[in-house]
Amino acid sequence: MTAIIGSQVQIRQRDFKDDTVNAIEVSHLTKHFGQLVALNDVNFSVTKGETFGFLGPNGAGKTTTIRILTGITVPTCGDAKIFGKDIVKETIAARKQMGIVHETSNIYTDLTAWQNLMFTAELYDVRKAEREKRGQDLLELFGLWERREDKTNGFSKGMKRRLTLAMGLINDPRLIFLDEPTSGLDVQSNLIIRDVIRDLNARGVTVFLTTHNIEEANLTCDRVAIINRGMIAAIDSPEKLKKTIQSVQSVEIALDPVPHQWEGLRGIATVSEVRKMGDKFRLITEDPQTVIAGVMAYAERHNTRVIGVNTYGPSLEDVFIKLTGLEIRHHGVKTVD
Amino acid sequence: MTEQAEWFRQLRVEFIAAWAIAKKDMIIYYLKPNIIVSGMLFPLFMFLAFAVGRPAEPSVMIPGLIAITILFSASSIEPVSIPIERRMKTFDRLISAPVSLHAVVLGESLSGFLYSIGIAFVPFIAGIVIFGIPILNAAPLIIGILLTSFCFATMGTLFASYPTESPGDIMSMLNVVRLPLIFISGIFIPIESIPSYGQFAVYFSPLTYGNDLIHAAYSGTTYFNPLVDIVMLIVFILIFQFAANRLYKKFNE
Ligand SMILES: Nc1ncnc2c1ncn2[C@@H]1O[C@H](COP(=O)(O)OP(=O)(O)OP(=O)(O)O)[C@@H](O)[C@H]1O
Ligand SMILES: [Mg+2]
C-alpha cells in the first residue's frame, strides 16, 4: 500500500517555511454549552509534522475541540492558533492550511464520488488541473476510482469514510484534522486509512486525530493527550504514558483445573485487582515477582496447577482506565498515579 | 503580495466557492419533488385561487403571476436544502471552508435565484403565446425579474438560518411572511385601493417594488419612480444578506 501511495500521490517532502514552531497552539480553551462545561481550561500544542492523538471516552470533548480548532464554533474563553493564525480572528487564513475529516462521513449522497471531490476542491480554491490530478490520485489511493461515477448513496460505510478522507486531503493541507477516522470500519478500510496517516506523517503533514481506540493511538501517534470530561488528564508519548503507571503491570495465569472459587487470588500480596479473562486470570500489581510466588502458594493450597504465567507491562489501555477512572471517582482531581 | 492584491484574490476565491455551492444545489435539489411542488405548483394555485373569477385583464394578471412565481420559487430551495444539509452534516463542510459566511449565503441564494428566473419564464411565455400580450418595455421586466429573484432567494437563505433540521419548520415561518406579502404589494389589489391602515405596510414589502417594475413592462407606467424600485430592491437584498450572515454566525456559537 505504501508503495502505491509513494508512486501515485506525490511523495513530496513538504517543506513549509514560516516562523511558527507549532502547528496548533491551544491555551486555556474553555467551552460552555449552557450549564454544561464541555471543555475546561484545555492547554496543549502540536509541533509541526507531529501526529497528535486526542484519546477520550464518549462526550469527553474531542469533537468540540476539533470544531473550535476549525473555526466552526467559537470558544467561550481561551484561544487557539493554527500555524500562528488565531482561529477566531484570522479564520480564513487559518483554514486555508487545513483539511478536515468530520466525525460523520458527511458526503453528498445525491452526488457521485467524483462530484463530491470536485465540489470540495472548488470550496478550497484548488485549480482545475490540480484538482483533477489529485482527485484521481486520491480515489485510486482509497480504492474508489472504479466507483467515481456512482452516486454515493449506495456506498458502504467504509467507502463513505474513505471518500470523506479523500475530500479532506484534496487541498493538499499541511495540517489535517481527523475526527475518529477509523471508528466502526472493517480491517481493510482501517489499514488503508492507517497507511495514509503514516504516509502523511512521513511527508511532514501534521495530523490531529481523535479516537477512543487505544491501539490506534498507540500505533499511529507520536504523542497522545488523554481527555476526559473536558479536561486533559495527561499528554505524552504512548511509551512514556505507559511508564508513568508502573503500578498497573500485570501477571496473567492459567490454572488447571480452573478454580470455581477464585476470590482468594485477591488476597495475594500486592495484587490490586483480579480480572477473569476467559479461562485465565489477570492480576494487576506493581510487583510481579511477589505475585508469582503468591500464585504458586495459592495453587498448592487449592489443589490446582499453574500451567501458564505471563507478565505484562502497563498497556495504554491501563493508563487510560487509570486516568479516566480516577477522574470519575475523584471528580476532577488530575492525577497520574 | 500587497494587501490589496490579497483582498482581490480572496474575493475571487469567495465567488468561486459561492458558485460551487450553487452548482451543487442545482444538481441535488432542482429535481427534488418537494421543491417542484413548492416552487412551481404552489404559486400557480395561489394565483388561480385569487385570479379566477375576477374580471381582470391578462395584461394585469400576467405580471402579477410572474411576481408571485418569483416570490415562491426563489425562496424555495434554501429552506429545503439547508435543513437537509444540517441533518446530513454536510453543512459543516460549508461553514468550515476557507471562505466567509457571505460566500456561503450568496452561494445558497444563487441556486434559488437561477431557479426562479427559469420558472418565471413559464408565465412570461404563457403571456406572449396564449394571451398575446405585448411587452411595452423590456428593461424594467429584465431588471425587475433579476432583482426580485435575487431578493427573495436571499430572503430564503435568511430564513433558513434558523437552526433546524426540518425543512417544514422554515417553510411555515416563511409562509407567515410570504402569504401576506401578496396582499400588500399591489398584485391583486392596486396600491391606491389598499385601505389606509395597510398603506404603510406596502413600503416594507420588497414585492411591491418588484411587482411595480414587472408591471411597468406591460402597462408602461409605474407607481413609484423605477429608480426607487431598483434602489429599494437592492437595499432589501443587502439587508437580507447581512442579516443572514449575522444569523448563521450567531447560531453556530
Ligand atoms: N452543540 C452542542 N450543544 C450542547 N451540548 C453539546 C453540543 N456539542 C457538544 N455538546 C456536549 O459537549 C460534550 C462534549 O461533546 P463532544 O461531542 O465534544 O464529545 P466527544 O469527545 O467528541 O464524544 P464522542 O466520542 O461521543 O464523539 C458532551 O457532553 C456533549 O453532549
Ligand atoms: Mg466526537
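In the predicted model, an N or O atom in the side chain of Glu103(A) lies 2.4 Å from an oxygen atom of ligand 1, a polar contact in the sense of a pair of N or O atoms within 3.5 Å. Thr63(A) has a side-chain N or O atom 2.7 Å from an oxygen atom of ligand 1, and for a polar side-chain atom of Asn58(A) the distance is 2.9 Å. Of the 640 Å² of accessible area that ligand 1 has on its own, the protein covers 61% (Shrake-Rupley method, 1.4 Å probe).

Ligand 1 is surrounded by 14 residues, each with a heavy atom within 4 Å of the ligand. This shell holds 5 nonpolar, 6 polar and 3 charged residues, with Gly counted as polar. Helix 2 of chain A supplies the largest share, 3 residues; helices are DSSP runs (H or I) of at least four residues and strands (E) of at least two.

Strand 3 of chain A (residues 51-55) is largely enclosed by the rest of the structure, because 5 of its 5 residues are buried (under 20% relative accessible area, 1.4 Å probe, protein chains only). Thr51(A), Gly53(A) and Leu55(A) lie on one side, Phe52(A) and Phe54(A) on the other. Strand 3 runs parallel to strand 8 (residues 206-211) of chain A, joined by 5 bridges; pairing requires at least two DSSP bridges. Strand 9 (residues 223-228) of chain A also pairs with strand 3 in the parallel sense, over 4 bridges.

Residues are numbered from 1 along each chain as written, chains are lettered from A and ligands numbered from 1 in written order. Local features need pLDDT of at least 70 and side-chain atom pairs 80 or more, whereas totals for chains, interfaces and linings use all residues; side-chain values use heavy atoms, without hydrogens and water.

Notes: A polar contact is a pair of N or O atoms within 3.5 Å; within protein, one must be able to donate a hydrogen and the other to accept it, and residues adjacent in sequence count only if both atoms are side-chain atoms. Buried means under 20% relative accessible area, exposed over 50%, partly exposed in between (1.4 Å probe, protein chains only).
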